[in-house]
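Me: I am new to this structure and would like to learn how to read it. Could we go through it feature by feature?

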Amino acid sequence: MLSQGLESRGEEDIDMAEKVRIGGWVSEIRSIGKIKFVVLRTPQGRVQLTLKKSEVPDELLSQIDDLTQESVIEATGFMSEKKIAKAVDMEVIPKSIVVHSTSERKLPLDPNWKTPALFPTRMNYRPLDLRRPEVQAIFKIETSFLRGVIDWLDSHGFLMVFTPAIIGAASESGAEVFEVKYFDKKAYLRQDPQLHRQLTIIGGFTKIYDVGPNWRAEPSHTARHISEFRSIAVEMAFISDEGDVMRVEEELLVAGLRRVLEERSKELELLNVDLDVPKTPFPELRFPEIYNILEDLGKEIPFGEDYDTESEKLLWRYAREKYGTDFLFINRFPFKTKPFYVMKAEDLWARSVDLLYKGEELSSGGQREHRYEVLVSQIREKGLDLNSLEWFTKFFRYGAPPHGGFAMGLERTVYKMLNLQNIREAALFPRDVERVLP
RNA sequence: GCCCGGGUGGUGUAGCCCGGCUAGCAUAGAGGCCUGUCGAGCCUCAGACCCGGGUUCAAAUCCCGGCCCGGGCGCCA
């Protein structure tokens, strides 16, 4: 039989005449002479068990003597008639206590956060770190955001699909991928579900999305990169141009943010985050005008070249001042800096769109090239090997609609939304160059 | 891949520049006192210089190497 969740069990029992059964992690134990307090972290909030020597059996009191912080216990008792404790959500007079698990006394980090632990310590002992309400808030918000996005996509006719995570050919330019042994062959973990989304479109599904993991073997040492991340990847057919893709992207973001505001006001408050639903459409800046804007901001980028990280920050502040938003589309990147599959707008510029959020790249996308001959000539232009991409390009010989899409990094979005110091905060068990455990 | 910074009790820090008494503080831990809330308080105890080599009468402190970690750039989500 499946064990019942603590949350539902507790709520049921409350209905039955103030008798409660409540389980949780011991957050504090205080002994004041002939009265003892145990504060639990529970799904219902912070719950104080109050044990007065005159009111509870001696066995219970001696049980408390051996209790340690972070042990897991379940108590049965009654709601206190008057709640004297101010700093907790509920006060309970226990009748019995079951100790499920005793924690060691010296903790590698303190979930009560009296002495804040450093980042590596937190990640080394992530399960204890996750017990902190502020940390849990991040993942509750993440879930609500994703749910809002998915509901929007579903209600707008997008089909949820799952494209493969193991791919037989390193996509594009042989960028940094993780190699895996695949029977007697080599295979790779996908860095993006991009190419298979396109093939799914060629398969006749005209509106799809794929939420799943991606891996990058880039040795990035920054606060905004992890080696494994989730993306919300959308692809749609019969678009008139990349603008259609941008409209979907901003609406889906708004739907996600709106859901967060609806469901997670407590968590936002806990994290001290002011969240607004941005106005649509988001402002859009295009190359080559970007060069002039940057020059006015004191940044010179050679014509035809990509901009850098500093430019992203400059453009954010520029857009904030001019349009009052943290979201900004950058369109028409130089074709030479983009992959072979993007559609050109003119010879030099691509229908290739990034979405910046508070100065960082949330997503990349745009319109893809669907014409076989053009695709092949772009592969030649990039100096790539036609044969190695044939597994992908050959399907374009049998009917491909105009299409486009984007991939939005989930952890990145949450990291920027909540003004976190590090993207790793938005991953339960982050993977990076230094870390694959726990 | 390139560059910068850092490793001191369980946790978090001071000390390092300018080498020298028993390595300071906070918090957590152990023990004691207290019948209400508070990050409760007070008293006692225990607990640390990443590893290896060098310089020196003397190294947490200076030098070299290693290991581990954080960040910036590049690349990207």
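Reply: What follows covers the ground rules, a sheet, the surface near the RNA and a pocket. This is a predicted model, in which local features need pLDDT of at least 70 and side-chain atom pairs count only at pLDDT 80 or more, while totals for chains, interfaces and linings use all residues. Residues are numbered from 1 along each chain as its sequence is written, chains are lettered from A and ligands numbered from 1 in the order in which they are written, and side-chain values use heavy atoms, with hydrogens and water left out.

Me: In what order do the eight strands of the open sheet run?

Reply: Strands (E, at least two residues) and helices (H or I, at least four) are DSSP runs numbered from the N terminus, and two strands pair if DSSP finds at least two bridges between them. Here the order is β6-β10-β11-β16-β15-β14-β13-β12, with mixed pairing. The edges are β6 (159–160) and β12 (284–286), each of which pairs on one side only. Inside the sheet, β10 (residues 207–215) and β11 (residues 228–237) are antiparallel, joined by nine bridges. For instance, K207 has M236 in β11 as its bridge partner.

Me: How many residues surround RNA strand B, and which are the closest?

Reply: A residue is near a strand if one of its heavy atoms lies within 4 Å of it. RNA strand B has 51 such residues around it, with F37, K86, E91, R105 and R216 the closest. Of the RNA atoms that come within 4 Å of the protein, 51% belong to sugar and phosphate. Elements that each supply at least two residues of this surface include β1 (19–32), β2 (35–42) and α10 (309–323).

Me: Which element gives the largest share of the lining of the second largest pocket?

Reply: Rolling a probe the size of a water molecule over the atoms shows where empty space is left. The largest share, five residues, comes from α5.
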